Amino acid sequence: MDIVLASGSPRRRELLETLGLTFTVCPAKGEENAPSGIGPAKTVEALSLAKAQEVRQLYPDSLIIAADTIVWADGEMLGKPKTPEEAAKMLTSLSGAEHEVYTGVTVIYGDKTLCQSECTKVCFRELEESEIASYVESGEPMDKAGAYGIQGKAALMVRRLEGDYFNVMGLPLCRLGQMLKAIGVKIL
């Protein structure tokens with residue numbers, strides 16, 4: 001069976017590779033538009049579903065895996081920062097506080113479509129302005145939801161988390177494994 005990852009994220013590629021899967025990468029190119037007012041879980045599900053459906057048009061006989069991740073803090077969605085100033089603002093808002101990371105995952109194969117989401121709670125320690133500035137200067141926050149990557153230098157900012165660590169990286173592996181199993185793909 002051919003597997004296609006509908007994402008250009010290097011972290012998602014690495015995570016799938018750790019499972020021993022062989023796959024093709026074909027990032028979705030469409031606009032990321034989710035209906036407003038549906039909450040973070042339904043938002044990431046809608047976005048991952050749209051990505052999967054777009055890539056399915058190119059690979060109709062393959063198993064498609066798509067995902068979308070957002071950070072949810074104080075009732076607000078934090079996507080990828082567009083500027084270093086926006087990254088600093090996001091990190092300042094996360095400093096000393098708890099937030100949630102949501103990832104929507106969609107798996108399409110044949111006539112089956114599964115779309116689910118995972119939520120992980122993350123608590124940052126208090127960050128000094130100089131730490132935020134140094135981290136932003138590193139460039140690491142610029143392509144990551146919420147302006148941080150837990151697998152990089154931001155590991156020094158995370159005091160604790162509750163839930164799936166891999167979800168914070170952008171692909172909840174336990175949930176994905178159960179979804180794949182439900183459509184007949186066993187990894188273990």
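**Exercise 1. Determine how many residues the largest nonpolar core has and which of them have the most contacts inside it.**

Solution. The largest nonpolar core has 41 residues, and L91, F124 and Y148 are those with the most contacts inside it. A nonpolar core is here a set of buried Ala, Val, Leu, Ile, Met, Phe, Trp, Tyr and Cys residues joined through side-chain atoms within 4.5 Å; buried means under 20% relative accessible area, exposed over 50%, and partly exposed in between, with a 1.4 Å probe and protein chains only. Next, strand 3 (63-73) supplies the largest share of this core, 5 residues. Helices (H or I, at least four residues) and strands (E, at least two) are DSSP runs, numbered from the N terminus. Apart from this core lies another, of 8 residues, among them A6, A52, I64 and I108.

The model is predicted: local features need pLDDT of at least 70, side-chain atom pairs count only at pLDDT 80 or more, and totals for chains, interfaces and linings use all residues. Residues are numbered from 1 along each chain as its sequence is written, and side-chain values use heavy atoms, with hydrogens and water left out.

**Exercise 2. State which residues F124 touches, not counting residues up to four places away in sequence.**

Solution. Contact means heavy atoms within 4.5 Å. With residues up to four places away in sequence not counted, F124 touches L91, L94, S95, G96, A97, H99, Y148, M157, V158 and R159.

**Exercise 3. Identify the buried residues of helix 6 and explain where they lie around its axis.**

Solution. First, L173, L176, M179 and L180 are buried in helix 6 (residues 173-182). Seen down the helix axis, the buried residues fall within an arc of 120°, taken from the directions from the axis to the C-beta atoms, so they line one face of helix 6. The face turned away from this buried side carries the exposed residues C174 and A182. Finally, the cover over the buried residues includes helix 1 (10-18), strand 5 (98-109) and helix 5 (165-169). Just after helix 6, G184 takes a positive phi of about 100°.

**Exercise 4. Decide whether K29 is buried or exposed, and locate it.**

Solution. K29 is found in the loop between strand 2 (24-25) and helix 2. Its relative accessibility is 73%, so K29 counts as exposed. For a distance, take V55: K29 and V55 are 26 residues apart in sequence and 8.8 Å apart in space, C-alpha to C-alpha.
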